[in-house]
Amino acid sequence: MIDFRAARIDDLTLLQHWDEQPHTVASDPNDDWGWETELLRCPPWREQLIAELDGRPIGFVQIIDPLIEDGHYWGNVAPNLRAIDIWIGEASDLGEGHGTEMMHQAIARCFASPEVTAIIIDPLASNVRARKFYEKLGFSFVENRTFDKDFCAVYQLDRNDWEKKWN
């Protein structure tokens, strides 16, 4: 059973470790998460969550409102969206279905707010495995776009498509 809990400052060492794993670096090579600072902040537009499998931390999920997040990473976006970042911490936990379960829970968490119309994500355009993963979940390709130094494939999951596929 996978459960989410809020990430805390005492997760700092774990998140820094996960952030240095080869599979994590390969999917997010240029981002500095600033864990020391960000774990102490709780802005209303963001949730940072640790996924635990039977009490053992296995991954990280971040859900943001891309319209109002203070870094304006997504630029000009429509209101009522959410953006998700997700990763599994240890390579030994990959390929076990944990990411799918984490995404199902994160998507349901986003759409629990009736005003949310869609979810956006931005895997690296070169990350074919991640792109197929998101497509299997119902996300549709929108465009290729460069964010800072990363060439990404933007995907979107509309509430109506999610409801048709999963409800």
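View 1. Helix α2 (residues 22–27) has the lowest mean pLDDT among the elements of the protein chain, at 81, while strand β5 (residues 118–121) has the highest, at 98. Here pLDDT is the predictor's confidence in each residue, from 0 to 100, and helices (H or I, at least four residues) and strands (E, at least two) are DSSP runs, numbered from the N terminus. Over the protein chain the mean is 93, with 99% of residues at 70 or more. This is a predicted model, so local features need pLDDT of at least 70 and side-chain atom pairs count only at 80 or more, whereas totals for chains, interfaces and linings use all residues. Residues are numbered from 1 along each chain as its sequence is written, and side-chain values use heavy atoms, leaving out hydrogens and water.

**View 2. The open sheet.** Its 7 strands go in the order β1-β2-β3-β4-β5-β7-β6, with mixed pairing (a pair takes at least two DSSP bridges). At the edges sit β1 (2–6) and β6 (140–147), each pairing on one side only.

**View 3. Strands β2 and β3 up close.** β2 (residues 46–53) and β3 (residues 56–64) run antiparallel, joined by 8 bridges. Leu49 stands opposite Val61 in β3.

**View 4. Helix α4 against helix α6.** α4 (residues 98–111) and α6 (residues 159–166) pack at about 130°, axes 12 Å apart; axes are lines fitted to C-alpha atoms, for helices over the stretch in contact, and angles run from 0 to 180 degrees between N-to-C directions. His104, Ile107, Ala108 and Phe111 in α4 meet Arg159, Trp162 and Trp166 in α6, contact meaning heavy atoms within 4.5 Å.
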